[in-house]
Amino acid sequence: MHMSKSIQLSEEAYERLAAHKREDETFSEVVLRLAGERSLLDIAGVLSDEEADAPEDGDGEGEMVKLNVKVPERLLDEIDELAEELNYTNRSEFIREVLRDTTEPILTLGAQEGVSQGYADVAAGRTTSHEEMKKKFGIDG
């Protein structure tokens, strides 16, 4: 039997998590799927110092909602160990950050468009070699 633990999420974090939820999944299963095979240590601690230090109720994420998630006891032990090791105030704070890090896009929409345009330029032959750029800007070496 799995233990059940309660965590609080902002409305925005809940909506992002819900957007990843499949029809036949529980929220616990969504969290486990999103975390995948990566170690929680690999996906934790990615927020900037300002984001990490921002108070949860005043950081623009909206009202917190309660989300019950069932996890295997070994995973809960790992979460607690990592939360303590990384100096989180509590387990919920750690889990909120992990959820934010795994549900937010890695690239902004503008960056995604820039990458797509770059691939299109390469495919169309609109590129300049390193040597040509050095000559154009008068760089020796």
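This is a predicted model: local features need pLDDT of at least 70, side-chain atom pairs count only at pLDDT 80 or more; totals for chains, interfaces and linings use all residues.
Residues are numbered from 1 along each chain as its sequence is written. Local features need pLDDT of at least 70 and side-chain atom pairs count only at pLDDT 80 or more, while totals for chains, interfaces and linings use all residues, and side-chain values use heavy atoms, with hydrogens and water left out.

Select residues 11-20, helix α1, together with residues 27-35, helix α2, whose axes come within 10 Å and cross at roughly 85°; helices here are DSSP runs of H or I with at least four residues, and strands are runs of E with at least two. The two helices are therefore roughly perpendicular (65 to 115 degrees). Where they meet, show Tyr14, Leu17, Ala18 and His20 from α1 against Phe27, Val30, Val31, Arg33 and Leu34 from α2, with contact meaning heavy atoms within 4.5 Å.

Next, display the largest nonpolar core, which has 21 residues, with Ile7, Leu9, Leu17, Leu67, Phe94, Ile95 and Leu99 having the most contacts inside it. Such a core is a set of buried (under 20% relative accessible area, 1.4 Å probe, protein chains only) Ala, Val, Leu, Ile, Met, Phe, Trp, Tyr and Cys residues joined through side-chain atoms within 4.5 Å. At least two residues each come from β1 (3-10), α1, α2, β2 (64-71), α5 and α6, and α5 gives the most, with five.

Finally, go to Asn87, in the loop between α5 (73-85) and α6 (91-103). Asn87 has a positive phi of about 60° although it is not a glycine, and at 68% relative accessibility Asn87 counts as exposed (over 50%).

Methods
Axes are lines fitted to C-alpha atoms, for helices over the stretch in contact, and angles run from 0 to 180 degrees between N-to-C directions. Angles under 35 degrees count as roughly parallel, over 145 as roughly antiparallel, 65 to 115 as roughly perpendicular and the rest as oblique.
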